[in-house]
Amino acid sequence: MGYTELQVTTNFSFLRGASHPEELVERAVQLGYTALAVTDRNSFAGIVRAHVAAKKQGIRLIPACRLDLLDGPSLLAYPTDRDAYGRLSTLLTVGNLRAEKGECYLYKKDVYEHSDGMKFIAIPPNKLTASFMLEASYVQHIREYRQALGNQFYLGATRLYRGDDAKMLFRLHQLCAQLDIPMVALGDVYYHVPERRELQDILTCIREKCTIHTAGFKLHSNAERYLKPKDEVERLFRQYPDAIYHTEEIAEACRFSLDSLQYVYPEELTSEGRTPQEELVRLTWKGARKQFKEEMPEAIRKTIIEELDFIQRKNYASYFLTVYDYVRFARERGILCQGRGSAANSIVCYCLGITSVDPSKVRLLFARFMSDARDEPPDIDVDFEHERREEVIQYIYEKYGRHRAAIVATVTQVRSKGAIRDVAKAMGLSLDAVGRLSGVISSHWDDHIDVEILAEQGFNLNDPHLRKVLELTCQYMGFPRQLGQHTGGFVITQGNLHELCPIINARMEDRTNLEWNKDDLEALGFLKVDVLALGMLTCIRKAFDLAKAHYNHDFTLANIEQDDPKVYEMVSHADTLGVFQIESRAQMSMLPRLRPKNFYDLVIEVAIVRPGPIQGDMVHPYLRRRNGEEEIDYPSEEIKTILKRTLGVPLFQEQAMEIAIVAAGFTPAEADELRRSMATFKAKGEVSRFHKKMVEGMTGKGYSEDFANRVFRQLEGFGSYGFPESHAASFALLVYVSCYLKCYYPDIFAVALLNSQPMGFYQPAQIVIDARKHGVTVLPVDVNHSQWDNTLEGETGKLHALRLGFRQVKGVGEEDAAALVCSRGSGYTTITSLVDADVSLSAMERLADADAFRSLKLDRRQALWEVSALQDRPMALFEGQLSESAKEGQTELPLMTQGEHVVQDYASTALSIKAHPVSFLREKLNLLYVVPTERLSIMKSDMLVKVCGMITVRQRPGTAKGVLFVTIEDETGFANLVVWGKVYEKYRKEVLQSRLLMVTGKLQIEGEVIHVIVQQCVNLNGWLRTLSAPEADDTTKVFHKGRNFQ
Amino acid sequence: MKRRFASIWFRHLITDWLTIRRPELSNKPFVVAAPLHGRMVISAANAIAEAQGINRGMVVADAKAFLPDLEVIDERPKLAEKLLKAIGRWCIRFTPIVAVDNPEGLLLDISGCTHLWGGEREYLKDIVNRLRSRGYDTRMAIADTVGTAWAVAHYGKATPIIASSCQLDALLKLPPIALRLEIDIVERLHKLGLKTVGSFAAIPRSVLRRRFGEGLLLRLGQACGWEEEFIQPLKPIVPYEERLPCLEPIRTDKGIEIALQRLLEALCKRLSGEGKGLREAALKCHRVDGKMVQIDIGTSRATANVTHIFKLFALRISQIEPALGIELFVLEAPKVEDADPVQEALWSNRTGLENMEVAELLDRLKSRDASCSIYRYLPDQHYWPERSVSVASSITEKPTIDWQADRPRPTRLLASPEPITVTAPIPDYPPLLFRYKGEVHIIKKADGPERIEREWWIDKGEHRDYYYVEDDKGQRYWLYRSGHYDDDQSSQWFLHGFFA
């Protein structure tokens, strides 16, 4: 006779279960169980993980669930077959959709309606009455369950050492005999080993928002809710052997396995009765004819045939059609999109219009990413304009219906910071101590807690209470905390989705999502498609629209002229402010060294400034080889085929994985597992195992240990920020397109960029300065000329002039702007006419602040004076009469200095086209021998210089230990500062607080790359204050404090 | 008489107070912060932190970025108001009319007070010096109006004492914010370049009203004295204290009794008038020789019953040594609680703990013999039996939870469990017999085990398996085994209580 544990709560019953599903399964295997049920509360969220773990360990997982009902004792439900599983999932969906996110409202009636093919166990009550009887209401419920559910129904019994166990079992047994219900033994497992009780207590405290000292009876009195050995359970139930027997009976009856869930593609992807493959073939050739016109090269034709053949073999046609469908929709609506991912750079995708990367530019053979051996689903992420992605999402919902399409979940895990905060609070530490503790734990140290730093912060590490806090925090880290919504992953099915997986309400209105995340779906072989948002696409589309309107060019991502040397010339000079991807400080300083000359160089540029190659120390070898300073050699012939295109240096994720396969003898599946284990933290053991295997494998084949280590380090870097070549190629296209626009149409580019804010690294002020540097005339916001958006006006010279729009003005809403523009007619001549146009007074005041009344011959101060008097304008009956203010005499207002105007411009629009604030200080700066930034390039390297400017960006990349990169801006240009760790420690305050910063440092000139290595910093915020009148408040606040990037 | 006002501004009220209480803070930067929209925002910073550029309104995380060793203290709600009230009461020694000026100041109506100090300058100096020596960074100004005093205290750069009728002159150079204006009006004035009071004071009132509303004119008028402004004075608190000076020194017990009786009657009258009752009282007897002797009593519930309190004191009167005689009796009630007088009338009908006689008996027992300890226990939320009860603080305290009825607990629980020897089958069956104090008990009936685990956050050790057993004589016991049976050593058994 055997025992099967049928009541197991994992940590996917959030803040209840204290063990991961994997831990429970592993323990079950150690104890000799052959099957295990997982019964989370009203949820299937953990069962896929448990299933995968069980499959790996060779035992059977019984997918099940605990139904907490609003009108009766809780029931455990076990589906016996596929249909019953579908019903259970539907039941949960019904409960979920009734409730807010995270809740599930179920009633007995719902259970009866969906009960076919399921086994049920009622949870025993917590206690007996004072006279040792079962509560009458409980008995009544059980009687009703028995009637409604018949012989599918069992009564559960537990032995939790509560003191009255024997009495309780006796009563339950009596009830069973009376109603003819079989009794089942349950373990009521919350954790895999008794030691986890402490964490479970803490979870209870977090859930109940109390501390361990005040929790009292909310906790369990003992540690008996662990997974017990089978013979121990049999001993505990020795008087009721039937109860043990019935566990086996249920386990045997429930043969349903998650493996039998079949994913079926939707049918409506094909037309005229074609099979998906036929449809795909038809569409591909149709697209091919359009893309390549008549002159399709033979090689392309051959590749298309190969790819289609491959797709047929893997049966992926429906997947491509699914993606094609919504991409087609987006194109029809004029929504810009671009695919990326392993399958996206196939010629098939190019023909279908999913990607615009010309396959002849990058020979990304898609079989290279998708071998027959590796049975992984294809991956196409499609980026859409961020402002219009919602349209695509709603299209998908509408086309397939909410019962067939849903967004994938993400499981939010507890990270170190949150974990220590929760645990420390539950352990009763003071808020102050909790804050200090979590402050010490930076998000960077996600896998361990740095004990030394705690000691430095004055924590006594010998204090057992604190040690316990740390110990429990380590256990708690990595726990699932809640289900979130994936950024854009969709699952679309032919049948009802809710029969596959319960659907829950998302926080966002009009959204529903699944309980499973992408790993769960992948494990079950469900295919998901990604509908993502990308700000740059919005910007590019706006630019295309402007090009059409003002230059009559019909640009698309595909028809922009390729390989234009002028564009590459611009890129090589790092003149890339605002363009996609290569605008960051690190990218900019790489560009003059790399000097990209063709599309593939851009692909490399995108991929090279990433944690992977930087941590793997691949960047400098590549640069040296490219510049001919180092010989290009390959450790072996096989490596040469992998690394030839990157001069023998592995830069892409795919290359590192291929090396693992070719040179270290990994199987493709192992290589993939390796990559994954890097991505999910808490798998340290795994990683070191792989490390050993990799280094041993490679040295065994005659590679140097150094090379092996570097490849491995690079893989580690990829783990968290995976950047494969296929993604880089898709991004590179957007890089090229944005550079092309910036190069030829700086006016259009600046407008589009400003209208797509917030986006990227730079502020409107810098975008405007950059545009003016490129010859664009920038005109101020004006009530008689501006629109809501920034716009282009008539040509001035070669380019159009940029007219700043009302969106730049703080506090002016789109409605007010619309009212203003709508009634503008031939122009406003008086302030009151704006009020007649229904522009709100507060908006008028903001417009006055922005100095937007110049065309009415009023400066901002006069305008504000007039506007503020509008409050008592004669209304209604008295309308049309003269206002009081007409009678008042002239009031002399103090004149504003140019400096004051600039300060006000910044306060209102975050930029000024009148002058740069630093220009007013130049005379004073000259006295201090401060050099304008434009003169740095004509100076000599190693000179000691002083520069001063407004901070625009501070960046502290995780890859550069302790170094801070600061960019400052003066009226002549930019200077790039490097602040080393020690200097930063000394001048931390100046660097972080200044808006205007003056530094002394050593000049470092390397070709076009100029850095100032900072030695000394001075905060000159006080000088900014002098720009406006001395009595003023802290005017420095109007200036942007600079953006901080990690 | 011309009215004169003083405004006191505590520039670092909260942080000064914290520094006074925790001197170790005095030379390092620290801030007080409270959560706002999910972020910790600084609500006060001490002078050192301010010098480093940390201001209120800043997010703690930002401040910590450039000052990592910045100490952050959680804000206590309403603290500033409480402090101001306390300091305000202390200020009553300077003038009877003191008002709290939230959030960080006081207003004093000093009309006719300053001559006692020898003039306004000395008066001001005395207050500021005293407050500064206590640790408060203080600025103070005196003028004819509240508004001007406030403005000069906060923003004045020249003299803090504004001569009578010179308000406007003093204000002209100050920024508009010194007029206590709303922030958006201040901003608008600033944008218009009207950066001092003087820059707009001459503009016609109608023009100002149209643009800045009535508020600006009101504040300007108040500061200049054209408009009346009222302040709401603090009421001083009177302690529960009665004094009885004697014409002749009292030397006899009888005399003391009479004095006590009188004092009690006066005090209890006041107490019941305010719906209060005392929990503690002290009789202080000041003797002719300059010494003071004192007797204290405590009650189990708040009471204003003269007879009862008198009885409690009466038991102690013999302890008073009058020596050459007592010239002053002071009766104080340091601990006073709300008491419902209606309830008092009904007490006699109540039973158990509600019965006043029980409470009074307890008081008398306690007051007769200080070492006599009578405790009342209430259930506490702990599974661990030793911690499952706690001592009640008063006779009327209600238990916060019910006594647990679903788990059997003995009527008498031993303070420390006593070891016993048992014969018991393994692994977790109840014993067949046990030996306690030399006597063997054969167990007839048993239930259990109830496993109670240590409260791991308090102590470490073995769990206990409790059994509820009945011996052949029908007596029932609560036994436990400490820990599991191990292979090498037999487990220890204990007796922990007796059932009725």
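Welcome! Between chain B and chain A the count is six salt bridges, in what is a predicted model. Let's start the tour there.

**Stop 1: one salt bridge.** Select A:Glu224 and B:Arg451. These two residues form a salt bridge, and their closest N and O atoms are 2.8 Å apart.

**Stop 2: the whole interface.** Now show both chains together. How many residues of chain B are in contact with chain A? There are 46 of them, and they touch 61 residues of chain A. The size of an interface is often given as the accessible area lost when the parts come together. Here the area buried between chain B and chain A is about 5,000 Å², and carbon and sulfur atoms give 51% of that. To see where chain B loses the most area to chain A, select B:Lys191, B:Arg210 and B:Trp456, which together account for 17% of what that side buries.

**Stop 3: two helices in chain B.** Next, select residues 183-191 of chain B, which are helix α8, and residues 205-224 of chain B, which are helix α10. Their axes come within 10 Å and cross at roughly 130 degrees. Because of that angle, α8(B) is oblique to α10(B). Is the crossing left-handed or right-handed? For α8(B) and α10(B), the crossing is left-handed.

**Stop 4: where the helices touch.** Show the side chains of B:Ile185, B:Arg188 and B:Leu189 in α8(B), then those of B:Arg211, B:Phe212 and B:Leu216 in α10(B): these are the residues that meet.

Note on methods
Residues are numbered from 1 along each chain as its sequence is written. Chains are lettered from A and ligands numbered from 1 in the order in which they are written. This is a predicted model: local features need pLDDT of at least 70, side-chain atom pairs count only at pLDDT 80 or more; totals for chains, interfaces and linings use all residues. Side-chain values use heavy atoms; hydrogens and water are left out. Axes are lines fitted to C-alpha atoms, for helices over the stretch in contact, and angles run from 0 to 180 degrees between N-to-C directions. Helices (H or I, at least four residues) and strands (E, at least two) are DSSP runs, numbered from the N terminus. Angles under 35 degrees count as roughly parallel, over 145 as roughly antiparallel, 65 to 115 as roughly perpendicular and the rest as oblique. A crossing is left-handed if the near helix is turned anticlockwise from the far one by less than a right angle, and right-handed if clockwise. Contact means heavy atoms within 4.5 Å. Buried area is the accessible area (1.4 Å probe) that two parts lose on being put together, summed over both. A salt bridge is a side-chain nitrogen of Lys or Arg within 4 Å of a carboxyl oxygen of Asp or Glu.
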